[in-house]
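Hi everyone, thanks for coming. Let me put the sequence and the model up on the screen, and then we can walk through a few places together.

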Amino acid sequence: MGPSPPIAMRVREGSTTLSGRARLWPAFGCQHGRGGAVGRMRVFKVSLRRLNSSKLTACCSWTPVTMRFLILFLALSLGGIDAAPPVQSRVVGGFKCEKNSHPWHVAVYRYNKYICGGVLLDRNWVLTAAHCYVSQYNVWLGKTKLFQEEPSAQHRLVSKSFPHPDYNMSLLIIHTPQPEDDESNDLMLLRLSEPADITDAVKPIALPTEEPKLGSTCLASGWGSITPTKFQTPDDLQCVSIKLLPNEVCVKNHNQKVTDVMLCAGEMGGGKDTCKGDSGGPLICDGVLHGITAWGPIPCGKPNTPGVYTKLIKFTNWIKDTMAKNP
């Protein structure tokens, strides 16, 4: 057992320390996901003098593949910078989840700061969003109250993280969202340093085996903001019921790309949504885990603007292969 999360973690109005869903922000600064900032939001910076005096000055001749690995290297190397997962996400218009009704829900921390949600897939693995990437992780399992000690809670360190190789890591650098931004493949696996103990409060959830059905009633959960404009973190894990909608609805109402590896879910009338702080949490449709909270509008819960989630059926092979190759 590690230290309990501090009560002082609550975010007050005007504070620069946030936690939220990555909705229209990704993880090295003020990005657009529904994850949460992990400390003061800073711009990803590298000294120009150091760049000019190094081999990086030859980058103009590098191939796209080389540049991609450079971006990933910089992201991993500078992950210690206090960062904010990009898109914003939280539960708005929801309700207090029943105790132990979501035993797979995980609270992901950077040191002692809550940053994102996650999902327990088995005793050793947690699935979350790639835009929640930071330099250090630890997780709390079996919690229903974010700011209180609970006998059912289990603390685990993370030995290694595995962002999806096709996630665009450059989106983690602070920038203004552009229409060409593509948040596809927004998944990351976290390998626990010690297996979780399976109890009534801590249980894994299975991956999907078939496509979700449009019109399904879905349940999202998280500790994201419960108000759409002012950031307000709840103590109790929140749930919200939303509908699975055709992707065309999100394509029509969002500037960023909505692809076939994403799900569109929400209420067209507005008022119900995930929001900042909910990134990485589960979207469960008809009792099956089908999505991971990714990004959406600001403010959250806007009419005619549903949230966007990563579609897990498209990634089951990558998830299983990664877990099998890293026992």
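Let me start with a question: which residue in E8 does Trp 140 stand opposite? The residue opposite Trp 140 is His 155.

Before going on, some housekeeping. This is a predicted model, in which local features need pLDDT of at least 70 and side-chain atom pairs count only at pLDDT 80 or more, while totals for chains, interfaces and linings use all residues. Residues are numbered from 1 along each chain as its sequence is written, and side-chain values use heavy atoms, with hydrogens and water left out.

Now to the strands. When I say helix or strand, I mean a DSSP run, H or I with at least four residues for helices and E with at least two for strands, numbered from the N terminus. Two strands count as paired if DSSP finds at least two bridges between them.

Take E7, residues 138-141. In general, side chains in a regular strand alternate between the two faces of the sheet. Here Asn 138 and Trp 140 are on one side, Val 139 and Leu 141 are on the other, and all are buried. Buried means under 20% relative accessible area, exposed means over 50%, and partly exposed is in between, using a 1.4 Å probe and protein chains only.

Strand E4, residues 105-110, pairs with E7 in the antiparallel sense over four bridges, and Tyr 109 has Asn 138 as its bridge partner. E7 is also joined to E8, residues 154-163, by four bridges, again antiparallel. In that pairing, Val 139 has Arg 156 as its bridge partner.

E8 itself is mostly covered, with seven of its ten residues buried. E8 also pairs with E9, residues 188-192, in the antiparallel sense over five bridges, and there Lys 160 stands opposite Arg 191.

Next, the loops on either side of E7. Lys 143 sits in the loop between E7 and E8. Is Lys 143 buried or exposed? Lys 143 is buried, because its relative accessible area is 3%. As for polar contacts, I mean pairs of N or O atoms within 3.5 Å; within protein, one must be able to donate a hydrogen and the other to accept it, and residues adjacent in sequence count only if both atoms are side-chain atoms. The Lys 143 side chain has such a contact of 3.3 Å with the side chain of Glu 150, and reaches the backbone oxygen of Lys 145 at 3.0 Å.

His 131 lies in the loop between E6, residues 125-128, and E7. His 131 counts as buried because its relative accessibility is 0%. Its side chain makes a polar contact of 2.7 Å with the side chain of Ser 279. The C-alpha atoms of His 131 and Leu 171 are separated by 8.1 Å, with the two residues 40 apart along the chain.

Last stop, helix H4, residues 316-325. Which residues of H4 are buried? They are Thr 316, Trp 318, Ile 319, Thr 322 and Met 323. These residues are on the same side of H4, because they cover an arc of only 170 degrees around the axis, taken from the directions from the helix axis to the C-beta atoms. Turned away from that buried side is a face with the exposed residues Asn 317, Ala 324 and Lys 325.

That's my tour, and I'm happy to go back to any of these places with you.
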